[in-house]
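Q: Could you go through this model with me? I'd like to ask about the two chains and then about the surface.

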Amino acid sequence: MSGCSRPRCRAGCGSCEAGDTLEALTHALAAALSLDAIAATAAGTVIGLIFGSIPGLTFSMALALMLPFTFGMQVTPAIGLLLGVYVGGMTGGSVSAILLGIPGTPSAAATVFDGFPMAQQGDASVALGAAVIASTFGGLFSLVVMMLLLEQVAAVAIRFGPAEIFALVLFGLSTICGMAERSMLRGLVAGTLGLMLMIIGLDELDGVARLTFGTVQMQQGVNLLVAMIGLFAVPQIISTFLDHGRVAPFKMPTDVRARLPSMRQLKERLWLMVRCSGIGTVIGAIPGTGGPIAAFIAYDHARRFDRDPGKYGKGELSGVVAPESANNAVTGGTMIPLLSLGIPGDPATAVILGGLLVHGLFPGPMLFRTHLEVIYALYVSIVLAYVVILVVQLWGIRIFVRVLAVPPHVLAVCIIVLCGLGSYAIRNSIFDVYLMAVMGLFGYLLQRVRIPVAPVVLGLVLGETLEKQYRTALIMTEGDYAVFYTSGVALFFFVLTALTIGLQFRSSLRRQSTESGRPEADRAPR
Amino acid sequence: MRIDRWLGPCLLILAVVWLWLVYTQIPGARQPGEPGPRAFPALLGIVLTALGAFMTASAYLPRRNRILDEIPRASLREVLIAAGTFGLLMLYAYLLEKVGFLLATPIVVVLAMAGILRLRNWLLIAALAGGLTATCWMFFVWLLKAPLPRGLWLM
């Protein structure tokens with residue numbers, strides 16, 4: 001590419017002015033596929049994967065750490081680095097979720113439910129393979145939607161005010177009914193306990209300390225990742241310690257299988273991936289929502305529309321595919337309000353916004369007119385990041401599954417250390433390590449009395465947004481509740497919530513009557 | 001005995017304590033008609049009260065999900081292991097703060113393997129304690145530049 005004196009091309013190819021779409025695309029490709037841009041995107045993706053896969057290290061943290069490195073870079077490598085971290089981090093969370101039963105990121109919490117049982121049944125590589133393929137599918141699907149429907153989706157997303165987001169999150173919370181396993185009552189108790197835990201700490205809207213008992217550490221509240229590490233990992237550690245010496249002596253496997261999901265398995269779930277990617281894209285486009293909400297809704301959607309919902313939670317591949325395609329589709333979805341309106345949907349995209357601003361790029365409608373080549377370079381960087389993810393993760397599966405060759409009790413001891421360090425690393429706080437231990441004991445006790453842990457996590461994930469949007473909606477309307485029933489979007493989600501709860505309640509009653517009618521011998525305790 | 005007959009009252013007690021804490025510690029709304037910082041926690045307390053009452057009442061109804069009642073009693077071994085694991089995690093937090101990561105980690109690994117698991121393969125224990133500490137240190141501190149606790153007593 002040779003000599004152009006026009007200065008408007010910000011993609012960094014250094015050769016032109018991006019006059020029309022084709023020209024902009026050409027120059028975006030030249031910039032995004034330059035050696036330094038590829039290297040930066042690949043490095044960012046690998047860093048994101050590492051941070052995402054280690055419980056306690058978040059990709060928002062990785063993005064914040066990487067931001068200063070972009071200051072001296074050209075625009076395209078800088079964007080590539082940040083997007084690589086974002087996309088890699090979102091995908092990496094599934095690795096520890098599947099192998100250790102601890103979600104690396106909150107977005108991977110729903111992946112634990114079926115991914116970890118699959119690993120326990122010796123199908124870790126299938127789960128990991130499906131997770132990375134679904135993640136790539138979801139990410140690229142949302143990218144295509146972003147490219148084709150950016151204006152339309154942004155127009156819909158911008159209609160979501162606090163009342164509509166509250167209704168959406170309430171609908172997300174109704175998925176508790178689906179996670180309640182055998183008793184809806186216990187599921188509701190678990191969800192309420194999760195919401196109660198979320199209350200502790202400093203109230204964001206009024207700045208009031210709630211149930212902190214005068215301690216500074218309690219003002220930080222119950223960190224979501226700390227709680228998840230405790231709730232998911234500690235009961236598992238206790239269970240492994242209990243099995244040690246009681247079950248048959250452990251034999252080191254000579255061959256840990258590293259096989260990928262078959263084409264048939266993936267083909268059967270293609271339509272599910274499309275649906276869940278759609279869910280993820282739309283939810284991602286709504287500011288203030290994000291990956292965890294999308295993943296839980298997609299998981300519940302997959303379970304609800306499956307012919308055999310009973311197999312979920314026991315190692316069903318669709319239970320991995322659904323949340324992974326949805327949480328990665330969020331990456332494209334969050335870019336829609338970010339690029340079209342300059343609104344970051346979550347902390348990670350806020351850092352990316354910071355990166356764009358540092359390079360003099362101001363997201364909004366004008367960005368598409370003045371720096372179209374940067375937008376296209378961004379699209380190419382996302383595709384590149386997913387190619388890197390696919391290559392690195394699929395190649396890495398044979399290494400990842402080696403973890404399972406470690407005797408379970410030794411792995412449990414390693415997980416104790418990882419739990420401690422992961423909890424500490426989130427906020428560099430010893431208090432969080434104590435909190436993780438307490439949450440772990442709490443999780444174990446809940447399991448003992450057959451209260452499911454998943455709704456507790458869901459309550460923790462959704463609680464903050466639920467309360468904040470509810471209160472914001474009422475503060476904005478000076479306490480007028482009409483805001484909730486005069487909005488068509490909010491009403492739609494309220495009806496959906498009522499339907500979900502009603503249908504689940506009916507099937508729960510039917511199941512209970514079937515079980516109570518069954519002979520005693522069939523009713524073995526779980 | 002049906003577990004819900006004591007789980008329900010436990011939830012009721014928790015809900016009552018929660019509501020008492022909410023009303024004594026969290027201030028109400030600043031503007032009349034708007035939900036203040038107390039509204040949501042109070043609502044949750046009321047919901048838990050209702051759920052606890054429903055669970056208690058339904059425990060005495062004849063037709064219900066009996067599978068959930070059949071919870072095996074915890075053995076002494078289970079109680080000891082659960083308490084030991086919890087104690088170990090609390091100790092790890094304490095030691096991380098006081099003696100730092102480099103000393104706390106091998107101590108916890110040795111206690112977990114020799115104390116809870118009752119292993120006597122000292123070579124394996126030493127290798128795991130040293131190897132795990134070194135690997136984590138290299139990964140977190142050298143590679144990721146993430147600070148690990150150095151210990152108040154040693155500073």
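Q: How many salt bridges are there between chain A and chain B?

A: This is a predicted model, and in it the count between chain A and chain B is 2 salt bridges. One of them joins B:Asp4 to A:Arg186, with the closest N and O atoms 2.8 Å apart.

Q: Which helices of chain A supply at least two residues each to the side that touches chain B?

A: On that side of chain A, the helices that each supply at least two residues include α2 (35-53), α9 (184-199), α10 (224-243) and α18 (408-427), together with α19 (430-448), α20 (454-476) and α22 (488-517).

Q: And how many residues does the contact take from each chain?

A: The contact takes 70 residues from chain A and 70 residues from chain B. Between them the two chains bury about 6,600 Å², of which 76% is on carbon and sulfur atoms. As for polar contacts, 7 residue pairs are counted between chain A and chain B, with both residues at pLDDT 80 or more.

Q: Switching to the surface, which residues form the nonpolar patch?

A: The patch is formed by B:Leu91, B:Tyr94, B:Leu103, B:Ile107, B:Leu111, B:Leu152 and B:Trp153, which together have about 640 Å² of accessible area. Helices α3 (76-98) and α4 (101-116) of chain B each supply at least two of its residues, and the largest share, 3 residues, comes from α4(B).

How values were computed:
Residues are numbered from 1 along each chain as its sequence is written. Chains are lettered from A and ligands numbered from 1 in the order in which they are written. This is a predicted model: local features need pLDDT of at least 70, side-chain atom pairs count only at pLDDT 80 or more; totals for chains, interfaces and linings use all residues. Side-chain values use heavy atoms; hydrogens and water are left out. Patches are made of residues with over 30% relative accessible area and no salt bridge: like charges are joined within 9 Å, nonpolar side chains (Val, Leu, Ile, Met, Phe, Trp, Tyr) within 5 Å. Accessible areas come from the Shrake-Rupley method with a 1.4 Å probe; for residues, only the protein chains shown count as cover. A salt bridge is a side-chain nitrogen of Lys or Arg within 4 Å of a carboxyl oxygen of Asp or Glu. Helices (H or I, at least four residues) and strands (E, at least two) are DSSP runs, numbered from the N terminus. Contact means heavy atoms within 4.5 Å. Buried area is the accessible area (1.4 Å probe) that two parts lose on being put together, summed over both. A polar contact is a pair of N or O atoms within 3.5 Å; within protein, one must be able to donate a hydrogen and the other to accept it, and residues adjacent in sequence count only if both atoms are side-chain atoms.
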